[in-house]
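Here is a friendly note for anyone opening this structure for the first time. Please keep the view open while you read.

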Amino acid sequence: MAALVRLETRLSRLREEYFLKNRSVDEDRKIVYKAAVKIQSWFRGCRVRAYLRYLNKMAISIQKWWRGYQSRRYFRKMIKTAYFIMKMNFYNEMAVRIQKRWRGYYVRKYTHNYYALKKYLEAISLNNEIVRNELQEYAEMNEKKKKKKDLEKKEKEKKYKARKMHYLLSTEQIAGIYNSPFRKFPDPMELLLRQSKPLSHRQQQPKSPFTYDLYDWPTCKRPPAFPTGEPLPPIGRQKPQGPFRDAAEVLRQRYKPLEPTLRVAASISSPLEKAREEMKREEWRKCIHDNEFLPFSSYHKNEKYELSIHASEKIGKETYGIKHFREVQPNKWIAGKNSCIS
Amino acid sequence: MSQRQVLQVFEQYQRARTHFVQAVAELSARPQNIGTLRDAGVISLLRPLLLDVVPTIQQTAALALGRLAYFNDDLAEAVVKEDILPQLVCSLSEQNRFYKKAAAFVLRAVGKHSPQLAQAIVECGALEALVICLEDFDPGVKEGAAWALGYIARHNSELSQAVVDAGAVPLLVLCIQEPEIALKRIAASTLSDISKHSPELAQTVVDAGAIAYLAQMILNPDAKLKCQVLSALSQIAKHSVDLAELVVEAEIFPVVLTCMKDSDEYVKKNGATLIREIAKHSPELSQFIVNAGGVAAVIDCIGSCKGTVRLPGIMMLGYVAAHSENLSMAVIVSKGIPPLCTCLLEEHEDHIKAAAAWALGQIGRHTPEHARAVAETNVLGTLLSMYMDIRSSEDLQLKAKRALKNILQKCTYLPALEPLLHDAPPNIMKHIVGQFSKVLPHDSKARRLFVTSGGLKKVQEIKAEPGSLLQEYINTINNCYPEEVVRYYSPGYSEMLLERVENYQPVL
């Protein structure tokens, strides 16, 4: 029993003790629990971190290898392009060298050919010389022509004057003004007067139309085809007395060249004739019918009907050629029927 | 009164009229009487005589009117105002050839003075009548009609177009083929007047086939005819390349070159004009002319003439040289530069000198070779003096300056450049100094010559703004020489030396 009382007294404390023990255990348990949770969480954390680190490392490793691979590829490509560019530069340079040489050659030979230019300029100077010479000759020729014309004109004038002043010729008794006795030899005018024929009062013959100066034929390049001058008369001719025609005219007429007509001049069997005959024969051969071309179909309807000879004459046989042979016209007779005159 | 007496009165009157009209015609042949005649009212008196019954009085009255109108444009206007023209135009178609000639002469005399009078003639319908006259048999009538048409067409392109529209051109081409020289002359001159105004008119003339006949007539010995023919061809060729090529295709070369040796001055001038108008269009045409020896002929022509006759030849050389450097070298090789230099020196007219300066500039501007050829003749000094001369016209100064600039920019011939150093104004100076600065760094002999001739001294004396092109050139030149030499020649060196002498402490 004592134990029970002790137990009972302890009992009242038991609940407290129990409660206190529980509380302390509870508190310990909380602390222990918290500690256990901490430890566990730390450990889990470590584990996860280790795992993550592992994953990280693996990922890095993969990426590392992959990046290395890519860069090497890229590097290889870069090298290829660099090599290619180097090659192209080299080729370009060589091509430039070739083109440089070629262009220089081409330009020097064809475009700005120095020697050709030199030759051309020499040719130009030669040509210029030739042209200058020719022009000089032409100018000189013109000058000479002009001078000649002037001289001839002067001569003509002088001669005409001499002919007009023929009366100034000196005679046996009286010395003319150009033949003064104190001179050693007569004046040239005197000689001219002696040579010239005195100018008569007869009208000058009209100028022959054939003696035009070539300058007056600006459109004609050649003079006319018939003889322009008169034929020369025979030497030592005595002019016959009487109303004869001028000998030159007669000779001209006598020796006039033959001017045959075209028909005479063309030969009998000229190729032209033969060709024409040939053509006619062809036509005759090819001709299918003799109807002329009728433009409209009703063309022949307006044709006048032509009578035949028998129908157009009077009825009966023709008497001419059988009954009588002469043509008579009685209304023209002067005398009667039986007269000879008709 | 008997019949005879009545008739006598009429005879007297007719005699009086004839006498009056003949006297007026003779008086009007002398220019000094024209004023008195005009004051006496001669036009209104002559007008009814144009309608006279007697043909001789009509013709003489028309002749007198023509002579009066020819000398004086007041009288020509009076002729127009008094309505004489319609009467003349009517009678042009009806009357005989003497009257036609006189009427055509009156129309020509009125039409020559001014475009308004010519317009009045066109408005009264004279062109058709004149064109009908061109078909007449008598060459004198054709000549009168062609001359009148020529004077009308001369003034401006509308009147020319009116003449062409009246159908004159084919008839004129027919007139050219006629044998009479005077008619050919007038027809050629009329064609020249028609085609000078515009390319379309020239094309009309070409379409009528005129070029072939004109080209044949160059061979004719008559000088005045050649003048007109060459003038006609040059008026046709001047408008465009195609027309010029058509003219060339008519095979005028080398015949035209003989015209350059003709004794008549105006034939030479017109021949040179024709060649110039052809050469100015394109390098191919110029090349063709050079190959035919045209340059030599023109150069000889320039050498032998004096005065305005030379001008087309000078311009032709300029045009040829302007096209390309090969052609310019061809001109130089044909000895073209000496005549141009003589032209510059001898001529008095400014426009000829300007043309010669321009031509020299065109020759020398291509390459250093060309510039050297021009500079060797010592013409640069003349050009410079012409540019500096205040009496030269503006045109001459401008052309001389341009020519000088063009030549200097390519000139490397130093002996010719040195004399210019002394006189040139600043804008020319920079070109000269520039050329020196290009040549001196490479040529030691030239450097020596430059110093001994006093050029370096002159260069030092030039004042230039720092930083300008001129200063750069001067610096380049100074860098070609050692320091002492440059200092020796710089201005004020002797003073500087003397100052140094003054400030020197003698070493005892």
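1. Ground rules. This is a predicted model, in which local features need pLDDT of at least 70 and side-chain atom pairs count only at pLDDT 80 or more, while totals for chains, interfaces and linings use all residues. Residues are numbered from 1 along each chain as its sequence is written, chains are lettered from A and ligands numbered from 1 in the order in which they are written, and side-chain values use heavy atoms, with hydrogens and water left out.

2. Chain A. You will find seven helices and zero strands here (helices are DSSP runs of H or I with at least four residues, strands are runs of E with at least two, and both are numbered from the N terminus). Of its 342 residues, 6% count as buried, meaning under 20% relative accessible area with a 1.4 Å probe, protein chains only. Among the contacts in chain A with a separation of 6 or more, 37% join residues 24 or more positions apart; a contact means heavy atoms within 4.5 Å.

3. Where the chains meet. Chain B brings 25 residues to the contact and chain A brings 17 residues. The buried area between them is about 1,800 Å², with 60% from carbon and sulfur atoms (this is the accessible area, 1.4 Å probe, that two parts lose on being put together, summed over both). On the chain B side, Thr258(B), Lys261(B) and Val333(B) lose the most area to chain A, together 26% of what that side buries.

4. A salt bridge to look for. The count between the two chains is one salt bridge, and Arg132(A) and Asp300(B) form a salt bridge through their side chains at 3.1 Å, N to O. The term asks for a side-chain nitrogen of Lys or Arg within 4 Å of a carboxyl oxygen of Asp or Glu. Helices of chain B that give two or more residues to this side include H13 (181-195), H18 (255-259) and H21 (294-304).

5. A helix pair in chain B. Helix H16 (residues 223-237) and helix H17 (residues 241-249) of chain B pack at an angle of about 145°, their axes 8 Å apart. Axes are lines fitted to C-alpha atoms over the stretch in contact, and angles run from 0 to 180 degrees between N-to-C directions. Leu233(B), Ile236(B) and Ala237(B) of H16(B) meet Leu243(B), Ala244(B) and Val247(B) of H17(B).

6. Helix H27 of chain B. In residues 380-388, the buried ones include Leu380(B), Leu384(B) and Tyr387(B). Their cover includes helix H24 (337-346) and helix H28 (394-410) of chain B.

Notes:
Buried < 20%, exposed > 50% of the residue type's maximum accessible area, 1.4 Å probe, protein only.
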